Amino acid sequence: MLSILVYRSRLSRPLAQDELSNLVDKAAKRNQENGVSGILLFDGEHFFQYIEGPDKALKATYEHIRSDPLHHHVVTLLSDYAPSARFSNWAMQLIDARDHSSSIVEPISAGLTTPLPSHDRALKLIKAFASGRWKDHTTDFVTQNWQFETRASGFETLAEPINSILPCQFALQPIVDPLRYTISSVEALIRSATGGPPYTCFENLPAAEHHLFDLESKRNALELASRLNIGDCKLSINLLPMSLVSIPNAVDQLLANIEKFGLTPQQVIVEVTEEEAISHFDHFELALKKLRSVGISVAIDDFGAGFAGLSLLAKFQPEKLKIDRLLVTDIHQDGPKQAIVKAIVECCKSLGITTIAEGIETPEEWLWLQAAGVELFQGFLFAKPLINGIPAVSWPILTK
Ligand code: C2E
Ligand code: MN
Ligand code: MN
């Protein structure tokens, strides 16, 4: 099967014309040996390359490019299959795209061994690069300028365990504004009595009891937040929408516990996953009304992992939207994820919704998302969840 790949990268240092020609000659030779063909557009600062060939050879070629220190910010724009080679006559053709004119499309079309339909995505990407308009959609970041420094959270620690009839406890993970060095909220993640992950808390319970347990467990989360003296910090709790709907007076019960532990409804955020919100929209809508009427705000969790997407936002606008880890992982290298997240961020800005990126594990992911306008961040890069406590946070420090 023939694979095709399109990427964009940035030159890491200035390159003289003859050096560039040399590199292209070398690449052309290597490509010819491996049965790889393609085109390389260069606008003086960025490369844009279309390559095609047998799957294995193409992967090896791309790995080679990604490990080349000459290429910075390598972003995959398209990775797909095609019925036949399009540029089999060209091992590697360099095309000057400096004048951003659409005239460069002509020599490309002339080099095609099979004509491409005008809706061909690779061709559309080539045209977009040639026009220079794609630059409006990129974000730039420099990781070398940042160091991370761990600072204690400053919150209290739990002197003695929470006395509860429920066999559960909570781990807390900060959601941070890394450039302001502030913890916006802490998310309470349920753990079993022995510290096991969320599903172990529910697996031994009959299904009919899940919702009651889910709701009642929040008492422990609220008590924990209160005992750690979270002050003005907010507390995010996870709840199934049904936990708020199927139990009579669920919101009143939640409210009573919020007050009992000296917290305010304005401090509490209820996180509901996109999946649950859409599959039980009637229940969700009812739960929402109740939460809103008492001043508790709502976050859509795992946005982008479900199937509702933007249509959910057309029906309902939460205070906060958490972009799922699926979209966050390696975003700095992934063109489709970048385009999707940009659209989500822009949409949330127009609607007054705060965006949070979940599952940030690397400085690259954070910096890309920060530059793209995401406001708050959660992930192992900043802090891992800590059972019965608020962990120290690793804050980014600008060194240059
Ligand atoms: P979630 O609400 O999306 O919570 C984030 C999950 O991602 C947590 O897993 C957290 O430990 C993990 N995480 C955070 N940062 C990173 C990171 O940088 N990398 C990776 N790989 N993972 C990260 P956890 O605690 O296992 O929770 C899983 C899910 O269980 C939660 O996802 C939430 O949907 C659900 N859950 C947790 N507590 C409750 C609860 O009290 N009630 C209900 N109904 N569901 C809960
Ligand atoms: Mn959550
Ligand atoms: Mn999530």
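Predicted model: local features only at pLDDT ≥ 70, side-chain atom pairs only at ≥ 80, totals over all residues.
Figure 1. Donors are N, O and S atoms within 2.8 Å of the metal (3.2 Å for Na, K and Ca); water is not among the atoms, so sites may look incomplete. Strands (E, at least two residues) and helices (H or I, at least four) are DSSP runs, numbered from the N terminus.

**Figure 2. Two manganese ions and Asp301.** Asp301 coordinates both the manganese ion (ligand 2) and the manganese ion (ligand 3), which are 4.3 Å apart.

**Figure 3. Polar side chains at ligand 1.** A nitrogen atom of ligand 1 lies 2.8 Å from a polar side-chain atom of Asp214. The side chain of Asp302 has an N or O atom 3.1 Å from an oxygen atom of ligand 1. For Arg325, a side-chain N or O atom is 3.1 Å from a nitrogen atom of ligand 1.

**Figure 4. The shell around ligand 1.** This shell has eight nonpolar, four polar and 10 charged residues. Strand β8 (182-192) is among the elements that each supply at least two residues, and β8 gives the most, with four.

**Notes.** Residues are numbered from 1 along each chain as its sequence is written, and chains are lettered from A and ligands numbered from 1 in the order in which they are written. Local features need pLDDT of at least 70, side-chain atom pairs count only at pLDDT 80 or more, and totals for chains, interfaces and linings use all residues, while side-chain values use heavy atoms, without hydrogens and water.

Definitions and conventions
Polar contact = N/O pair within 3.5 Å; in protein donor to acceptor, adjacent residues only side chain to side chain. Nonpolar A, V, L, I, M, F, W, Y, C, P; charged D, E, K, R; others polar.
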